[in-house]
Amino acid sequence: MSRLKEMKNYPIYVWIASLFGLGFIPSGMPGTVSSFAACIVSVFVDVPLWAIILVTLIGVWATGMSEKFFNMKDPSFLNIDELPGMWLSIFLLPKGFIIPGFFLFRLIDILKPFPVSAMEKLPGGWGIMADDVVGGIMANIFLQLLNGYLYHSGWIHELISTL
């Protein structure tokens, strides 16, 4: 709770990397809370790829600087990485995939299968952001396959249909 109280004294990059203090809320689950926030945004807005890339690049800078500021490797309160990861997991999918995307993305983010685990080893903000980006892409590919199988739609289904 003390970090939350100290927020006003932190540099802007800490504010950004912690999603304006959301990462400091004492829930014990900052990644889940932030992923849920990304889902809420996705209910109302189809987040475009350029916005996902922009948030990722800003996150690389903000988390890298914050890691140095706190002298900690990938602290859990730096949670901007959940946004692009979650948004990528449901990118180009119908709104009905938001909840399955949330659960699948969180599962991948917690278990960190390869290549997600390899991305964590990248230096600074790149490692913080890349593991969630790769996890989101993995979730998206699985959900696209499911969408193609169940509903005969989606970019993977279209790609396979043209072969």
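Reader: Leaving aside its neighbours within four places in sequence, which residues is W87 in contact with?
Author: This is a predicted model, and the contacts are computed from it. W87 is among the residues with the most contacts inside the largest nonpolar core. With neighbours within four places in sequence left aside, the contacts of W87 are A38, V41, S42, V47, I52 and V55.

Reader: Is L49 buried, partly exposed or exposed?
Author: L49 is found in helix α4. Leaving aside neighbours within four places in sequence, L49 is in contact with L88 and F91. Buried means under 20% relative accessible area and exposed means over 50%. Because the relative accessibility of L49 is 39%, L49 counts as partly exposed.

Reader: What lines the second largest pocket, by class?
Author: About 170 Å³ of space lies in this pocket. Its lining includes W87, together with S42, V45, D46, V47, I90, F91, L92, L93, P94, K95 and I98. By class, that lining has 2 charged, 1 polar and 9 nonpolar residues.

Reader: What is the make-up by class of the lining of the largest pocket?
Author: The largest pocket holds about 220 Å³ of space. It is lined by 19 residues, and G31, S76, D81, E82 and D109 lie nearest its centre. Helices α3 (30–44), α6 (98–111) and α8 (124–151) each supply at least two residues of the lining. By class, the lining has 5 nonpolar, 5 polar and 9 charged residues.

Reader: Is G136 buried or exposed?
Author: G136 has its place in helix α8. Leaving aside neighbours within four places in sequence, G136 is in contact with G85, L88, S89 and F105. Since buried means under 20% relative accessible area, a value of 0% makes G136 buried.

Reader: How many Å apart in space are G136 and F102?
Author: Along the chain, G136 and F102 are 34 residues apart. From C-alpha to C-alpha, the distance between G136 and F102 is 9.6 Å.

Reader: At what angle do the axes of α8 and α9 cross, and which classes make the contact?
Author: The axes of α8 and helix α9 (residues 155–162) come within 7 Å and cross at roughly 65 degrees. N140, I141, Q144, L145 and G148 of α8 make the contact with W155, I156 and H157 of α9. By class, this contact has no charged residues, with 4 nonpolar and 4 polar.

Reader: Q144 is one of the residues in that contact. Is Q144 buried or exposed?
Author: Q144 has its place in helix α8. Not counting residues up to four places away in sequence, Q144 touches F91, L92, L93, S153, G154, W155 and I156. Because its relative accessibility is 0%, Q144 counts as buried.

Reader: Which peptide bond is cis?
Author: P115 lies in the loop between α6 and α7 (116–119). With omega near 10 degrees, the cis peptide bond is the one from F114 to P115.

Reader: What is phi of N71, and what is phi of L92?
Author: N71 is found in the loop between α4 and α5, and L92 lies in the loop between α5 and α6. N71 counts as exposed because its relative accessibility is 70%, and L92 counts as exposed at 57%. Each has a positive phi in a residue other than glycine. For N71 phi is near 55 degrees, and for L92 phi is near 60 degrees.

Definitions and conventions. Residues are numbered from 1 along each chain as its sequence is written. This is a predicted model: local features need pLDDT of at least 70, side-chain atom pairs count only at pLDDT 80 or more; totals for chains, interfaces and linings use all residues. Side-chain values use heavy atoms; hydrogens and water are left out. On a 1 Å grid over the protein atoms alone, a cavity is a set of points where a 1.4 Å probe fits but cannot get out, and a pocket is an open set with protein on both sides within 12 Å along at least five of seven lines; lining residues have an atom within 4 Å of a point. Grid points are joined across faces, edges and corners, and a volume is the space filled by probe spheres set on the points. Helices (H or I, at least four residues) and strands (E, at least two) are DSSP runs, numbered from the N terminus. Ala, Val, Leu, Ile, Met, Phe, Trp, Tyr, Cys and Pro count as nonpolar, Asp, Glu, Lys and Arg as charged, and the others, Gly among them, as polar. A nonpolar core is a set of buried Ala, Val, Leu, Ile, Met, Phe, Trp, Tyr and Cys residues joined through side-chain atoms within 4.5 Å. Buried means under 20% relative accessible area, exposed over 50%, partly exposed in between (1.4 Å probe, protein chains only). Contact means heavy atoms within 4.5 Å. Axes are lines fitted to C-alpha atoms, for helices over the stretch in contact, and angles run from 0 to 180 degrees between N-to-C directions.
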